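The following report describes the fold of a single chain, from its overall dimensions to selected residues.

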Amino acid sequence: MKSFLLSIFIFHSLFSFEYTVEPTKISDDIHCFFGAPEVMDEHNNGNIVNSCFVDLGKSYLVIDTGPSYKYARDTHKAMNKIKNQKVSHVIITHIHDDHWLGNGYYQEHGSLIIGPEIFANTPKSEKTRMQQYISPEAYEGTHEVFPTELVDGEKTLEIDGVKLELKAYKHNIHSPNDMVIYIPSKEVVFAGDLVFNERILSLKGGHINNWIKAIEDIESKNMKYVIGGHGPLYTKESTDVTREYLADVKAFVLDSIDEGLDIIDTLEVSDMPKYQDLKLYEMMHRVNVESAYRTLEWGDE
Ligand SMILES: [Zn+2]
């Protein structure tokens, strides 16, 4: 009896928490769940990141699986109300764990999980960021599951007649190995965290010049839609704020270096009113300027 009650309890607690998720229709065969422009906490439970579903005809392709097992389960459930089908493939854009902690759900589900090469030489963490900041109920059932098929550089895939072009950049941009997915027939680029809108981007640990080049690369594709890792814009113009912000930060920092200002003095005068309305500006703008300064003080390359 005791173990029966215990198993009811476990069953109940495993399934009682649900994310409130609502897909946005991008085109006939693309839907995305757009996360809040916030930092992960016990209120948003990690629903701060984008996850997209592409209807391949007989199955879905998922781009980024989000912050937890339950998030992945709940987004797939919401998609099944639109068209009930299996997720045959998952593609992860980069190593930051807000984008792939839903992988465990898809591993159980039998999906093939693809990601950039960096997963091969990254140790699993003792405690993930999500585990530290979101509620235990929301995190429950989540395990670190890495992609099993890794992409080193560029790769073309064909799934059910749909051609996909994957490009995993080998140098540091937003992260050490960001991957972009281009689907020519659907005129869409999934840019991961190389594109942010509505909130300020994160250049911490990244490389401003490489990022500026990567944005040019993304914009050179023939597409109608560009969907980033954070922010709800999805047309071609969704790259505007990322491109302009990086260019403005770079110009400001180069001027400052030219004038002989050190990093402390540079940060002191680094406010950019043009971007103050972007979410997380207070928290991240100075960190971004500092990162740009560290990169650019060694020369503009
Ligand atoms: Zn992210």
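Two strands are taken to pair if DSSP finds at least two bridges between them. Helices (H or I, at least four residues) and strands (E, at least two) are DSSP runs, numbered from the N terminus. The model is predicted: local features need pLDDT of at least 70, side-chain atom pairs count only at pLDDT 80 or more, and totals for chains, interfaces and linings use all residues. Residues are numbered from 1 along each chain as its sequence is written.

**Sheet**

Seven strands form an open sheet with mixed pairing, in the order S1-S2-S3-S4-S5-S6-S7. Its edge strands are S1 (24–27) and S7 (149–151), each of which pairs on one side only. From one strand to the next, the twist averages 20°; axes are lines fitted to C-alpha atoms, for helices over the stretch in contact, and angles between N-to-C directions run from 0 to 180 degrees.

Strand S3 (residues 51–55) runs antiparallel to strand S4 (residues 60–63), to which four bridges join it. S2 and S3 also pair in the antiparallel sense, over four bridges. Individual pairs in these strands are listed below.

| Residue | Opposite residue | Strand of opposite residue |
|---|---|---|
| Val 54 | Leu 61 | S4 |

The hairpin of S3 and S4 has four residues between the strands, and Gly 57 takes a positive phi near 115° there. A residue is buried if 20 or more other C-beta atoms lie within 10 Å of its own, exposed if 12 or fewer, and partly exposed in between, with C-beta atoms placed from the backbone. Four of the five residues of S3 are buried, so this strand is largely enclosed by the rest of the structure. Helix H2 (residues 69–82) lies across S2 (30–33), S3, S4 and S5 (87–91), and runs at about 145° to S2.

**Whole chain**

Nine helices and 12 strands make up the secondary structure of the chain. The radius of gyration, taken over C-alpha atoms, is 20 Å, close to the 19 Å that the globule rule gives for 301 residues, so the chain is as compact as a globular protein of that length. That rule is 2.2 Å times the number of residues to the power 0.38. Of the 301 residues, 45% are buried. Contacts require C-beta atoms, placed from the backbone, within 7 Å. Among contacts with a separation of 6 or more, 68% involve residues 24 or more positions apart.

**Core and selected residues**

A nonpolar core is a set of buried Ala, Val, Leu, Ile, Met, Phe, Trp, Tyr and Cys residues joined through C-beta atoms within 7 Å. The largest such core has 73 residues, and those with the most contacts inside it include Val 180, Phe 190 and Ile 227. Strand S11 (residues 188–196) gives the largest share of this core, seven residues. Beyond its neighbours within four places in sequence, Ile 227 is in contact with residues including Cys 32, Cys 52 and Phe 190.

His 94 is found in the loop between S5 and helix H3 (103–109). With 27 C-beta neighbours inside 10 Å, His 94 counts as buried. Not counting residues up to four places away in sequence, His 94 touches several residues, among them His 99, Asp 178 and Asp 193.

Key
Two residues are in contact if their C-beta atoms, placed from the backbone, lie within 7 Å.
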